[in-house]
Amino acid sequence: MRIGIIGVGHVGSTLAYTLCLQGLADELVLLDENKMKVQAEYLELSDTIHNLPNKVVLIKDDYAALKTADILVFCAGDITVLENATDRLAELRVTSKIVEDVAPKIVASGFSGVIISVTNPCDVIALYLAELTGSDKRKVIGSGTLIDTNRLMNRSGRDDVLVIGEHGESQVALDVSDVIEKLAAKTGWEIYAAKQHTAFGIASSVARIISVLEQDTGELLPISSYDETAGCYYSTLVKISLEQGVVERVIPSLSSTERKRLQVSIQTIKGNYDRI
Ligand SMILES: NC(=O)c1ccc[n+]([C@@H]2O[C@H](COP(=O)([O-])OP(=O)(O)OC[C@H]3O[C@@H](n4cnc5c(N)ncnc54)[C@H](O)[C@@H]3O)[C@@H](O)[C@H]2O)c1
């Protein structure tokens with residue numbers, strides 16, 4: 001399995017490390033506009049590989065190597081933008097420009113696998129990346145609310161909870177109290193306040209998506225996919241495969257309030273897309 005990672009910052013480098021440890025990649029293609037950063041991560045990962053039972057071939061700075069990649073994770077960005085912001089949307093101006101830079105390089109590489117988009121605002125960037133690469137939208141997914149669902153599990157002490165809609169402020173937590181929902185939704189900011197980034201939760205979430213793709217388990221995951229009717233990406237339960245990308249989208253049964261909130265979330269995402 002060849003996996004490409006564009007952007008080896010906090011998220012991308014942690015993901016690369018996670019994929020090595022979990023044996024989910026035979027070959028990793030590391031790409032970043034910051035050449036010193038790629039070289040440093042290449043060296044660190046090279047040191048790591050000797051301690052692992054599985055072999056991983058590392059490739060760096062070579063977009064052409066994406067031609068035979070099965071999966072491409074997009075996590076380029078600039079997390080320092082959030083230093084003066086209170087919303088993931090603040091990143092949009094920067095990250096949309098990064099998509100404009102990177103999309104032609106992905107197209108030129110001849111990549112034809114599944115793209116997992118992580119960069120924020122996650123649902124908006126997933127659509128922009130799909131549009132600018134001209135990809136089949138079923139083969140572009142966003143990491144979406146898998147991480148928010150994990151956070152809600154931690155805050156509620158339940159494992160039957162689910163977050164859908166935007167990976168952002170308008171997300172909809174199903175069947176929990178407002179207090180728990182707000183607490184869970186603030187988790188990312190709480191981690192960010194101390195570390196100025198988040199990485200482990202998202203990297204392991206993306207690794208889980210990759211493992212479902214590789215093992216073709218058919219497991220439903222709360223991730224972001226394209227809704228033809230709404231004309232945007234948002235999270236619901238999704239079944240994925242390496243060959244087809246999104247195989248099935250399942251909207252869970254919703255109360256009338258939850259249904260209205262999901263519509264608000266969809267409109268929020270669409271409104272944000274229009275701001276590009
Ligand atoms: N969806 C989620 O749940 C989730 C969770 C955490 C972080 N994120 C997002 O992931 C993104 C990355 O976060 P991070 O903390 O790793 O940021 P970071 O600033 O540490 O790293 C971003 C990397 O992208 C690289 N980059 C920038 N422009 C590029 C370009 N044109 N081509 C190639 N590489 C480029 C930078 O050099 C840098 O190494 C951010 O948008 C962040 O908000 C999303």
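## Helices and ligand surroundings in a predicted model

In helix α4, the buried residues (under 20% relative accessible area, with exposed over 50% and partly exposed in between; 1.4 Å probe, protein chains only) are Cys 122, Asp 123, Val 124, Ile 125, Ala 126, Leu 127, Tyr 128, Leu 129, Ala 130 and Thr 133. The model is predicted: local features need pLDDT of at least 70, side-chain atom pairs count only at pLDDT 80 or more, and totals for chains, interfaces and linings use all residues. Residues are numbered from 1 along each chain as its sequence is written, and side-chain values use heavy atoms, with hydrogens and water left out.

Helices (H or I, at least four residues) and strands (E, at least two) are DSSP runs numbered from the N terminus. Because ten of its twelve residues are buried, α4 is largely enclosed by the rest of the structure. The expected span of a helix is 1.5 Å times one less than its number of residues. For α4 (residues 122-133) this gives 16 Å, in agreement with the 16 Å between its end C-alpha atoms. Just after α4, Gly 134 has a positive phi of about 65 degrees.

Helix α1 (residues 10-22) has 13 residues and reaches 18 Å from its first C-alpha to its last, close to the expected 18 Å. Its buried residues include Val 11, Leu 15 and Leu 19. Among the elements covering the buried residues of α1 are β1 (2-6), β2 (27-31), α2 (35-49), β4 (71-74) and α8 (200-215), where contact means heavy atoms within 4.5 Å.

Ser 211 is located in helix α8. It counts as buried because its relative accessibility is 18%. Apart from neighbours within four places in sequence, Ser 211 is in contact with Leu 24 and Asp 216.

The ligand has 24 residues around it, of which His 10, Val 11, Asp 32, Glu 91 and Asp 101 come nearest; a residue is near if one of its heavy atoms lies within 4 Å.

| Residue (N or O atom) | Ligand atom | Distance |
|---|---|---|
| Val 11, backbone | oxygen | 2.8 Å |
| Glu 91, side chain | oxygen | 2.7 Å |
| Ser 143, side chain | nitrogen | 3.4 Å |

How values were computed. Polar contact = N/O pair within 3.5 Å; in protein donor to acceptor, adjacent residues only side chain to side chain.
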